[in-house]
Amino acid sequence: MELSLFNVLDILGTMAFAISGALTAMDRKLDLFGVFIIAFVTAIGGGTLRDVLIGNTPVIWMENTLYIYLIGIFTILAIIFRNKIYYLRRSLFLFDTIGLGVFTITGVETGIRNELDPIISVALGAMTGTFGGVIRDILCNEIPVIFRKEIYATACLIGASAFVLLYNFGVNTDVIYIVTSLTVIIIRLLVVKYKISLPSFHLNSGKGNF
Amino acid sequence: MELSLFNVLDILGTMAFAISGALTAMDRKLDLFGVFIIAFVTAIGGGTLRDVLIGNTPVIWMENTLYIYLIGIFTILAIIFRNKIYYLRRSLFLFDTIGLGVFTITGVETGIRNELDPIISVALGAMTGTFGGVIRDILCNEIPVIFRKEIYATACLIGASAFVLLYNFGVNTDVIYIVTSLTVIIIRLLVVKYKISLPSFHLNSGKGNF
Amino acid sequence: MELSLFNVLDILGTMAFAISGALTAMDRKLDLFGVFIIAFVTAIGGGTLRDVLIGNTPVIWMENTLYIYLIGIFTILAIIFRNKIYYLRRSLFLFDTIGLGVFTITGVETGIRNELDPIISVALGAMTGTFGGVIRDILCNEIPVIFRKEIYATACLIGASAFVLLYNFGVNTDVIYIVTSLTVIIIRLLVVKYKISLPSFHLNSGKGNF
């Protein structure tokens with residue numbers, strides 16, 4: 001099997017989300033296999049959604065055992081080094097951000113390769129990037145991280161739009177992959193460091209639900 | 001592109017659910033892109049589930065940019081007129097109900113067009129109609145509205161059954177679309193107005209979970 | 001239609017999960033149709049995920065009305081005998097376990113039949129077995145049962161691995177189905193009876209989320 005940069009990014013995102021899933025699961029005191037399963041679902045969630053929506057089945061991790069072995073290995077590493085990793089909360093946050101960045105790009109690229117409209121490709125990128133983390137948070141019964149004030153989605157949409165733009169200018173795709181993945185990652189890191197936030201909207205309501 | 005009544009209903013449901021998603025997201029104080037994303041997922045959720053289950057991929061919103069532009073426009077309108085809309089809680093509830101009604105019908109119709117059994121088509125209709133709202137509520141960490149005592153599912157199943165019945169009597173499909181969509185919407189409105197509820201069942205339990 | 005042992009197991013799992021879904025929904029005081037819908041989604045969840053991931057669409061319950069009628073009948077039976085069933089918490093727990101056992105095996109078998117790698121087939125089995133219960137719990141806003149300390153996933157992975165092993169030794173598939181389904185069910189029952197648990201991992205954290 002020959003590895004394209006697309007595959008490399010996909011694998012990198014898988015590893016990053018596997019670690020992020022394993023750490024979240026350990027934080028919730030799940031047992032050994034619970035940790036494996038959350039790591040697995042977090043890692044394959046985004047790519048699986050991407051493949052199912054586009055009709056690319058069996059989904060990617062079924063056709064290539066590399067993914068499942070990598071998830072296994074990195075889950076074990078996350079378990080062994082859990083306290084070292086955990087103290088470095090920045091690096092944990094970093095894994096989630098790397099997963100977001102690279103999966104966003106694989107989603108956009110899949111859209112473009114299937115000749116979908118650019119704006120659709122951006123939406124597919126955003127869904128691919130965020131779904132692994134969303135499913136991890138839903139399974140752990142937390143409010144999805146996408147809603148915390150970290151401009152998670154914004155970083156992801158800006159990176160995806162940059163991809164489409166550069167692609168239309170004919171830039172070499174390998175260069176685009178790297179530039180746009182880094183764009184997503186750097187925006188998110190900056191946003192958190194400087195506590196930048198987008199406007200939210202006030203509803204003149206007495207209280208609560210409708 | 002020629003618009004059939006099927007497409008018109010699909011678009012109407014998309015718009016209604018986009019507004020309902022945007023309002024729910026603003027109520028939860030999400031930021032700008034969070035509002036967009038919840039609006040998007042609520043709007044496309046039902047149709048996406050329908051297409052994935054039937055194997056109609058890439059899913060409908062990927063092949064036709066109309067959906068994403070409409071969601072964008074109606075999300076912006078929902079943001080601008082948020083307080084006007086919000087005060088009219090009835091109209092908010094109405095958007096959710098319209099989405100339910102028309103997506104139920106597009107689900108049933110998809111089932112019939114794919115020559116599925118009538119009862120399967122009804123089930124597909126119910127899942128298509130409810131999934132957008134369910135996913136909106138899960139992402140916003142609320143108990144899905146489907147469980148509040150509004151006979152949400154009942155309205156939807158009655159409308160879907162009416163569709164299959166009328167279809168078997170050979171009624172013109174455009175007439176069926178309109179009659180059954182309105183059936184779902186009117187039943188739900190009546191049920192809420194007159195506080196009709198279906199029986200629920202008492203379990204003789206001391207307490208809690210099993 | 002001729003019934004293979006594969007179909008029989010699939011139907012058995014559907015029935016078991018329908019009852020388990022109906023009981024959970026009644027426990028949450030949902031109305032009549034709410035009970036039906038949770039029963040339906042719990043029962044078809046695992047098989048639907050399996051079919052969607054592998055690209056076997058329309059999914060199995062759409063092509064065969066047997067599933068939907070069985071779910072209807074067993075939901076009604078669960079409603080009628082709700083207090084009798086409920087007092088027997090062991091038998092409730094048993095239904096969930098049966099569903100887990102047989103759906104795990106249908107997932108593994110689907111993987112093998114599609115010539116996927118053994119480890120991928122095991123993963124597909126685990127997802128097929130657990131997804132119905134997970135979606136039931138998410139819709140009822142509970143933490144998925146998969147995380148309670150019952151080695152839910154462990155039973156399921158051991159059974160799935162046994163399937164692959166026996167298959168490679170050329171054992172008759174009908175024998176494998178029965179042996180491995182029972183393996184999953186018996187392990188889970190033993191584990192709960194003797195309160196066996198897998199290690200979980202301590203994170204040296206002051207508190208909470210990251």
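Reply: A residue counts as buried under 20% relative accessible area, as exposed over 50%, and as partly exposed in between, with a 1.4 Å probe and only the protein chains as cover. The structure is a predicted model, in which local features need pLDDT of at least 70 and side-chain atom pairs pLDDT 80 or more, whereas totals for chains, interfaces and linings use all residues. Residues are numbered from 1 along each chain as its sequence is written, chains are lettered from A and ligands numbered from 1 in the order in which they are written, and side-chain values use heavy atoms, without hydrogens or water.

Me: How many helices and strands does chain A have?

Reply: Helices (H or I, at least four residues) and strands (E, at least two) are DSSP runs, numbered from the N terminus. Chain A has nine helices and zero strands. Of its 210 residues, 60% count as buried.

Me: Is Thr42(A) buried or exposed?

Reply: Thr42(A) counts as buried because its relative accessibility is 0%. Thr42(A) belongs to helix 2 (residues 32-54) of chain A. A polar atom of its side chain lies 2.6 Å from the backbone oxygen of Ile38(A). Apart from neighbours within four places in sequence, Thr42(A) contacts Phe17(A), Ser20(A), Gly21(A), Gly132(A) and Arg136(A).

Me: What does Thr97(C) touch?

Reply: Not counting residues up to four places away in sequence, Thr97(C) touches Ile185(C) and Arg188(C). Thr97(C) is found in helix 6 of chain C and is buried, with a relative accessible area of 0%. Thr97(C) and Thr130(C) are 33 residues apart in sequence, and their C-alpha atoms are 9.9 Å apart in space.

Me: How many aromatic pairs are there over all chains?

Reply: Rings of Phe, Tyr and Trp (its six-membered ring) pair if their centres lie within 6.5 Å; planes under 30 degrees apart count as stacked, over 60 as edge-to-face and the rest as tilted. By this rule there are nine aromatic pairs over all chains. In one of them, the rings of Phe40(A) and Trp61(A) have centres 5.2 Å apart and planes at 80°, so the pair is edge-to-face. Phe40(A) lies in helix 2 and Trp61(A) in helix 3 (residues 60-63) of chain A, so the pair ties together parts 21 residues apart in sequence. Phe40(A) counts as buried at 11% relative accessibility, and Trp61(A) counts as buried at 1%. The rings of Phe17(C) and Phe103(C), with centres 5.6 Å apart and planes at 20°, form a stacked pair. Phe17(C) lies in helix 1 (residues 5-27) and Phe103(C) in helix 6 (residues 89-113) of chain C, so this pair ties together parts 86 residues apart in sequence. Both Phe17(C) and Phe103(C) are buried.

Me: Which residues make the nonpolar surface patch?

Reply: Patches are made of residues with over 30% relative accessible area and no salt bridge: like charges are joined within 9 Å, nonpolar side chains (Val, Leu, Ile, Met, Phe, Trp, Tyr) within 5 Å. A salt bridge is a side-chain nitrogen of Lys or Arg within 4 Å of a carboxyl oxygen of Asp or Glu, and accessible areas come from the Shrake-Rupley method. Here Tyr69(A), Ile73(A), Ile76(A), Leu77(A), Ile80(A), Phe81(A) and Ile119(C) make a nonpolar patch of about 620 Å². Helix 4 (residues 66-80) of chain A supplies the largest share, five residues. Ile80(A), which lies in helix 4 of chain A, counts as exposed at 55% relative accessibility.

Me: Where does one find a positive phi or a cis peptide bond?

Reply: Most residues other than glycine have a negative phi, and most peptide bonds are trans. Glu115(A) has a positive phi near 60°, and Glu115(A) lies in the loop between helix 6 (89-113) and helix 7 (118-139) of chain A. Glu115(A) counts as exposed at 73% relative accessibility. Glu115(C) also has a positive phi, of about 60°, and is exposed, with a relative accessible area of 74%. A cis peptide bond joins Thr57(B) and Pro58(B), with omega about -10°. The bond from Thr57(C) to Pro58(C) is cis, with omega near -10°. Pro58(B) lies in the loop between helix 2 (32-54) and helix 3 (60-63) of chain B.

Note on methods. Accessible areas come from the Shrake-Rupley method with a 1.4 Å probe; for residues, only the protein chains shown count as cover. A polar contact is a pair of N or O atoms within 3.5 Å; within protein, one must be able to donate a hydrogen and the other to accept it, and residues adjacent in sequence count only if both atoms are side-chain atoms. Contact means heavy atoms within 4.5 Å.
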